[in-house]
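Here are my notes for your first pass through this one. Have the viewer open as you go, and take the points in order.

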There are 2 protein chains.
Amino acid sequence: MEHSALLARLGTKALVVTGAHSARANGSLADVEAALRKEGIAYAIYDKVPPNPGIADAREGAAAAIEAHADFVIGIGGGSPLDAAKAIAVLARNQLDDERLFQNAFPNAPLPIAAVPTTAGTGSEVTQYSILTNARLETKTSIASESIFPKVAFLDAAYTASLPLRVTVNTAVDALSHAVEGFLSVKATAFSDGMAISALNLLGAALPKLSGDIGPELRQSLLDASSLAGMVIAQAGTTAGHAMGYSLTFFKDIDHGRANGLTMAAYLEFLADQNEPKLSRLLAALGIPHLGALKELLDSLLGEREGVSLAEIKKYASISIKAKNIGNAPKKMAEGDLVAIYRASMKIV
Amino acid sequence: MEHSALLARLGTKALVVTGAHSARANGSLADVEAALRKEGIAYAIYDKVPPNPGIADAREGAAAAIEAHADFVIGIGGGSPLDAAKAIAVLARNQLDDERLFQNAFPNAPLPIAAVPTTAGTGSEVTQYSILTNARLETKTSIASESIFPKVAFLDAAYTASLPLRVTVNTAVDALSHAVEGFLSVKATAFSDGMAISALNLLGAALPKLSGDIGPELRQSLLDASSLAGMVIAQAGTTAGHAMGYSLTFFKDIDHGRANGLTMAAYLEFLADQNEPKLSRLLAALGIPHLGALKELLDSLLGEREGVSLAEIKKYASISIKAKNIGNAPKKMAEGDLVAIYRASMKIV
């Protein structure tokens with residue numbers, strides 16, 4: 001509310017993009033509506049974003065934006081509504097077939113976007129990415145364009161207070177995967193490394209405490225870490241963990257953050273021989289003595305691994321190896337390397 | 001040149017703001033002119049910014065901007081031309097007396113600003129600050145407004161290649177003072193801390209190497225550190241080092257970066273009893289074992305201290321204690337504390 005004037009800078013008619021339930025339950029939607037009323041901004045609500053939204057969802061939201069004559073978009077929620085809001089902002093101003101949507105060059109500037117994260121993991125509030133499920137390619141595909149960086153993000157950890165422990169852990173692991181993959185990306189810079197180290201400092205202190213009651217300070221720390229880690233991947237991109245995780249989400253319906261975490265330890269072990277001293281800096285920033293201790297921490301956070309067959313693993317590897325972000329890994333990766341990492345990470349059935 | 005399109009986004013007629021000589025000598029002005037010609041952008045050059053510019057200089061530059069019908073400003077140089085460019089951008093669009101200039105709320109949006117740093121220290125290319133000498137108050141006074149954040153900055157260490165060793169050291173110490181003061185500011189956040197740690201990592205490795213020949217990699221490292229440290233103070237502000245340094249510059253004509261460095265060790269010793277563990281994190285990020293070793297490094301970089309009398313010190317302390325940034329120090333400071341820090345830092349004559 002006290003920052004409501006920041007919304008008035010974006011336009012005069014908003015489309016609020018969110019999911020069906022959580023933005024109502026955690027108070028974020030009511031706060032945004034109050035801020036819009038205070039500023040005299042008209043708005044419509046599109047609350048049909050499902051988890052892991054696809055292109056069709058974005059098209060439906062864009063139709064709602066056009067019908068409402070919206071001149072800006074407010075995304076409220078976890079990564080799914082925020083990423084949907086970005087794609088909606090593009091499609092409300094551009095008629096694009098699926099292929100051109102992912103080519104990242106839009107004839108008309110997308111609608112301006114405000115973001116209100118209600119989970120602490122995605123970092124979407126500070127990135128130029130919109131990740132959409134792509135049924136044709138059987139994976140997730142990303143729009144990546146400077147033009148969809150949110151103009152403003154509101155980080156209030158109170159909206160994350162009611163998240164169940166499982167969601168808190170999975171989203172925190174998502175943030176960790178952003179900091180870890182971005183820090184070890186070939187596109188990392190001194191700028192992204194600063195954000196990564198700060199995120200790893202926060203996560204190293206927070207992750208061991210994620211059980212039972214999670215107080216407001218710890219919640220704020222997770223939300224700060226998530227946005228910092230989002231800034232890391234905005235600069236440095238994600239790498240193999242995300243490429244491999246998308247298959248686990250698409251075929252096994254494993255939560256995105258958890259999917260990224262499942263392969264993390266094996267990926268880092270794969271990198272270890274060629275990536276000192278950066279791997280040591282990563283562990284030091286986490287306050288963890290060695291890779292084995294990070295593996296133990298991840299095991300305790302993730303619990304039992306899901307079962308997959310070898311045939312499934314081969315299929316996932318054949319899809320993942322084609323992902324662009326594999327090229328960001330700081331060691332050359334072949335399809336067989338991905339098979340080995342999946343095997344070391346999952347329960348083979 | 002390859003990024004010239006970024007200038008075309010800002011407008012169609014530029015005022016290029018720079019000093020009399022260095023932008024011509026280091027090739028930056030020629031590169032900017034070539035980029036403007038390539039984009040078909042008309043421009044005028046205002047090359048009269050002196051070191052430590054004052055309000056009158058900014059007014060003269062603003063008159064040049066108005067006369068040229070400039071719709072954006074490009075600052076090229078060290079902190080003086082960049083800070084002047086920001087004040088010119090404000091005054092070209094706003095008729096303000098001196099007092100209102102420093103009240104940071106402008107009826108009309110300043111002209112958009114592009115920044116091309118040719119030293120590695122000020123960080124002005126990424127801050128919302130314009131520091132101008134204020135003859136009436138006998139110190140420097142700052143404009144601080146989101147509206148003067150440069151829209152784009154071009155970081156090319158080649159423009160710093162010909163800087164004399166003395167300037168390289170003084171500007172590197174300026175960057176260090178930004179990272180150190182911002183990291184220990186009461187306004188520091190997880191976001192600014194990440195940038196600070198990355199800047200301190202780079203500076204800790206670079207500072208001991210600043211003698212004799214300085215190669216391109218070291219130059220780029222200093223420029224990255226300078227911009228990172230600029231982002232730190234954009235968030236967390238500066239503290240006592242800057243407040244005390246302004247008097248040394250105003251009355252003794254001591255270079256700004258050097259002035260900030262002269263009092264640094266004594267300031268950190270003053271803070272030490274109340275600021276663990278942050279002081280330890282600072283030294284660890286620099287790769288320096290203890291405060292004494294940082295003092296030795298600064299002594300070797302700064303050489304012999306300038307002489308000041310006790311009467312002068314008392315005067316400086318009485319001015320510095322009124323600076324707003326004293327309030328950012330993480331320990332309460334009285335005028336007597338400033339006297340003691342000046343005494344420990346200067347040669348008393």
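Which residue of E6(B) does B:Tyr129 stand opposite? Keep that in mind for point 1, and bear in mind throughout that you're looking at a predicted model.

1. **The pairing in chain B.** The answer is B:Ala144, which sits across from B:Tyr129. The two strands involved are E5(B), residues 129-134, and E6(B), residues 139-144. They run antiparallel to each other and are joined by 6 bridges.

2. **The turn between them.** E5(B) and E6(B) make a hairpin with 4 residues between the strands. Have a look at B:Glu138 while you're there: its phi is positive, near 55°.

3. **Why call E5(B) enclosed?** The strand is largely enclosed by the rest of the structure because 6 of its 6 residues are buried. Side chains in a regular strand alternate between the two faces of the sheet. With E5(B), one side carries B:Tyr129, B:Ile131 and B:Thr133, while B:Ser130, B:Leu132 and B:Asn134 are on the other, and both faces are covered.

4. **Where the chains meet.** Now zoom out to both chains. Chain A brings 17 residues into contact with 17 residues of chain B. Between them they bury about 1100 Å², and carbon and sulfur atoms account for 68% of that area.

5. Two helices of chain A, H8 (190-206) and H9 (216-236), are the elements giving two or more residues to the side that touches chain B. H8(A) gives the most, with 9 residues. By type, this side of chain A splits into 8 nonpolar, 4 polar and 5 charged residues.

6. Is A:Thr171 buried or exposed? Its relative accessible area is 12%, so A:Thr171 counts as buried, the cut-off being under 20%. Setting aside neighbours within four places in sequence, A:Thr171 is in contact with A:Thr119, A:Ala120 and A:Gly121.

Notes: Residues are numbered from 1 along each chain as its sequence is written. Chains are lettered from A and ligands numbered from 1 in the order in which they are written. This is a predicted model: local features need pLDDT of at least 70, side-chain atom pairs count only at pLDDT 80 or more; totals for chains, interfaces and linings use all residues. Side-chain values use heavy atoms; hydrogens and water are left out. Buried means under 20% relative accessible area, exposed over 50%, partly exposed in between (1.4 Å probe, protein chains only). Two strands pair if DSSP finds at least two bridges between them. Contact means heavy atoms within 4.5 Å. Buried area is the accessible area (1.4 Å probe) that two parts lose on being put together, summed over both. Ala, Val, Leu, Ile, Met, Phe, Trp, Tyr, Cys and Pro count as nonpolar, Asp, Glu, Lys and Arg as charged, and the others, Gly among them, as polar.
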